Amino acid sequence: MDVDVLDRILAARPKVTATDLSPLLQEIQVGYGYLPPGVLLEMSRRTGIPASQIYGVATFYEQFHLEPHGRHTVRCCRGTACHVKGGHGMIQAVSRELGIAEGETTADMRFTFETVACLGTCFLAPVVMVDKDYYGNMTPTRVRGILDRYK
Ligand code: FES
């Protein structure tokens with residue numbers, strides 16, 4: 001386990017308490033690209049914060065990833081408004097284009113593919129989101145062109 005990043009992060013914080021967990025986990029995720037379990041256990045050992053508490057925060061917030069995550073995140077909506085306008089076809093098209101299933105990351109670490117209950121833009125249904133960009137009124141034929149924008 002490479003703990004160089006953890007060393008650097010903890011060296012900048014002489015005293016770490018449980019109230020620091022969220023920003024600390026953000027820094028670790030930026031450093032490693034995700035939250036490696038071995039690093040979290042090492043952090044628990046060094047700070048005295050129980051691993052259960054660290055994992056509690058890491059699993060509560062959607063922004064944290066316990067598995068390696070792609071550089072870009074593709075989110076397909078599986079909510080009702082999107083479903084009735086062909087959202088399932090978008091999920092199939094993204095899965096086919098990326099060659100992975102929901103919850104997986106491409107081998108080149110370019111994309112992670114997720115589905116969500118609602119992206120909050122039902123008026124644009126069906127919706128696909130890449131990182132912070134929304135693509136509304138989607139059709140399966142547009143999927144490839146949109147993914148090509150993200151290298
Ligand atoms: S149901 Fe798809 S954005 Fe709300």
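Axes here are lines fitted to C-alpha atoms, for helices over the stretch in contact, and angles run from 0 to 180 degrees between N-to-C directions. The model described is a predicted one.

Helix 2, residues 21–32, packs on helix 4, residues 51–60, with the axes 10 Å apart and an angle of about 70° between them. Because angles of 65 to 115 degrees count as roughly perpendicular, helix 2 is roughly perpendicular to helix 4. The contact brings L21, S22 and L25 of helix 2 to I54, V57 and A58 of helix 4. By residue type, this contact has five nonpolar residues, one polar and no charged.

Helix 4 also packs against helix 3, residues 37–47; here the angle is about 130° and the axes lie 9 Å apart. That angle makes helix 3 oblique to helix 4. The two helices cross in a right-handed sense. From helix 3, L40, L41, M43 and S44 meet A51, I54, Y55 and A58 of helix 4. Seven of the residues in this contact are nonpolar and one is polar, with no charged residue.

Four strands make up an open sheet with mixed pairing, in the order 2-1-3-4. Its edges are strand 2 (111–116) and strand 4 (133–135), each of which pairs on one side only. On average, neighbouring strands are turned by 20° against each other, direction ignored.

Strand 1, residues 72–77, pairs with strand 2 in the parallel sense over six bridges. Within this pairing, C76 has T115 in strand 2 as its bridge partner. Helix 6, residues 87–98, lies across strand 1, strand 2 and strand 3 (128–130), and runs at about 150° to strand 1.

Technical notes: Residues are numbered from 1 along each chain as its sequence is written. This is a predicted model: local features need pLDDT of at least 70, side-chain atom pairs count only at pLDDT 80 or more; totals for chains, interfaces and linings use all residues. Angles under 35 degrees count as roughly parallel, over 145 as roughly antiparallel, 65 to 115 as roughly perpendicular and the rest as oblique. Two residues are in contact if their C-beta atoms, placed from the backbone, lie within 7 Å. Ala, Val, Leu, Ile, Met, Phe, Trp, Tyr, Cys and Pro count as nonpolar, Asp, Glu, Lys and Arg as charged, and the others, Gly among them, as polar. A crossing is left-handed if the near helix is turned anticlockwise from the far one by less than a right angle, and right-handed if clockwise. Two strands pair if DSSP finds at least two bridges between them.
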